[in-house]
Amino acid sequence: MPNPTAAMLVIGDEILSGRTRDANMHHLAGQLTAIGIGLQEVRVVADVHERIVGAVQSLSRTYTYVFTSGGIGPTHDDITADAVGAAFGAKVDVREDARALLAAHYAKTGSELNEARLRMARIPDGATLIDNPVSTAPGFKIENVHVMAGVPSIFNAMVQSVLPTLTGGAPLLSETLRVERGEGDLAGPLGLVAAEMPELSFGSYPFQRDGVHGANLVVRGTDQAKLDRAMDRLREALDL
């Protein structure tokens with residue numbers, strides 16, 4: 001049975017403008033790989049309602065799990081909750097359990113739960129909350145879509161909250177063969193072995209350092225014995 005699949009939707013003008021570098025995809029990919037869920041697509045969309053709605057609908061139909069980051073804060077351009085709600089035809093409003101979490105948090109810190117901060121308690125009907133141990137304001141899950149914050153420390157904490165609820169597959173394993181030859185010399189043998197073993201994933205990642213160039217040939221799969229055979233075949237095909 002094939003492993004579950006996943007996609008990530010990164011939301012925010014600041015990512016597309018180059019002002020902010022996204023670090024969340026790298027973290028999520030590593031966490032999902034460890035539990036046998038393949039991250040197969042990542043999209044980045046601007047803070048535009050219709051584009052978020054369309055992306056959420058498309059990705060949720062295609063993959064087992066969808067994870068979003070960004071756009072659930074207190075400002076006017078934090079529109080992710082409304083867009084995700086619209087994607088599933090769910091009404092979005094301040095929810096009492098989310099409000100209670102925020103009220104307790106801001107009372108403890110001596111800050112006011114004002115109208116802007118209350119926006120972070122707006123949750124689509126039917127969604128379940130995702131715990132946020134860093135700053136309290138929750139994410140949420142609706143259908144197969146997990147909606148989380150964009151700030152890396154908060155996103156990472158929310159991922160840890162979500163992981164126990166996911167059904168994974170066989171852990172994804174990899175082996176690497178470093179070869180100090182140009183990719184043009186490696187492409188033929190690599191393609192030959194990849195065609196022989198279609199159940200595995202083969203990749204070539206070139207490097208150049210201190211006057212030495214070559215490529216790391218990486219084989220990925222869920223069966224260690226097959227990975228070992230693939231590495232033997234690569235060495236044989238490359239006369240190593």
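Which residue in β11 does Arg 178 stand opposite? The legends below get there after a look at the whole chain.

**View 1. The whole chain, as a predicted model.** This is a predicted model, where local features need pLDDT of at least 70, side-chain atom pairs count only at pLDDT 80 or more, and totals for chains, interfaces and linings use all residues. Residues are numbered from 1 along each chain as its sequence is written, and side-chain values use heavy atoms, with hydrogens and water left out. The secondary structure comes to nine helices and eleven strands; helices (H or I, at least four residues) and strands (E, at least two) are DSSP runs, numbered from the N terminus. Along the principal axes, the C-alpha atoms fill a box of roughly 70 × 40 × 35 Å. Of the 240 residues in the chain, 42% are buried, where buried means under 20% relative accessible area, exposed over 50%, and partly exposed in between (1.4 Å probe, protein chains only). Take the contacts (heavy atoms within 4.5 Å) with a separation of 6 or more: residues 24 or more positions apart account for 70% of them.

**View 2. The sheet of β9, β11 and β10.** Here is an open sheet of three strands in the order β9-β11-β10, with antiparallel pairing; two strands pair if DSSP finds at least two bridges between them. β9 and β10 are the edge strands, each pairing on one side only. Neighbouring strands are turned by 20° against each other on average, direction ignored. β9 and β11 pair over seven bridges in the antiparallel sense. Back to the opening question: Arg 178 stands opposite Asn 216 in β11.

**View 3. Helices α8 and α9 lying across that sheet.** α8 lies across β9, β10 and β11 and runs at about 165° to β10. α9 lies across β9, β10 and β11 too, running at about 15° to β9. Axes are lines fitted to C-alpha atoms, for helices over the stretch in contact, and angles run from 0 to 180 degrees between N-to-C directions. In α8, Leu 186, Pro 189, Leu 190 and Val 193 are buried. The buried residues of α8 pack against β9 (173–179), β10 (201–209), β11 (212–221) and α9 (224–237).

**View 4. Where α8 meets α9.** Two packed helices are described by the angle between their axes and the distance between the axes. For α8 and α9, the axes come within 9 Å and cross at roughly 145°. On the α8 side, the contact is made by Pro 189, Leu 190, Leu 192, Val 193 and Glu 196. On the α9 side, Ala 230, Arg 233, Leu 234 and Ala 237 make the contact.

**View 5. Strand β3 between its partners β1 and β8.** Five of the five residues of β3 (residues 65–69) are buried, so the strand is largely enclosed by the rest of the structure. In a regular strand the side chains alternate between the two faces of the sheet. Tyr 65, Phe 67 and Ser 69 point one way from β3, and Val 66 and Thr 68 the other way. β1 and β3 pair in the parallel sense over five bridges, with Val 10 opposite Ser 69. β3 and β8 are also parallel, over four bridges, and Phe 67 stands opposite His 146 in β8.

**View 6. The β7–β8 hairpin and the strand beside β7.** β6 (residues 128–130) and β7 (residues 139–142) pair in the antiparallel sense over three bridges, and Leu 129 stands opposite Phe 140. β7 and β8 (residues 145–148) are antiparallel over three bridges as well, with Phe 140 opposite Val 147. Two residues sit between the hairpin strands, and Glu 143 takes a positive phi near 55°.

**View 7. The largest nonpolar core.** A nonpolar core is a set of buried Ala, Val, Leu, Ile, Met, Phe, Trp, Tyr and Cys residues joined through side-chain atoms within 4.5 Å. Of the 51 residues in the largest one, those touching the most other members include Phe 67, Phe 140 and Met 148. Its largest share, six residues, comes from strand β1 (residues 5–11). A second, separate core of 16 residues includes Val 179, Leu 200, Ala 215 and Ala 230.
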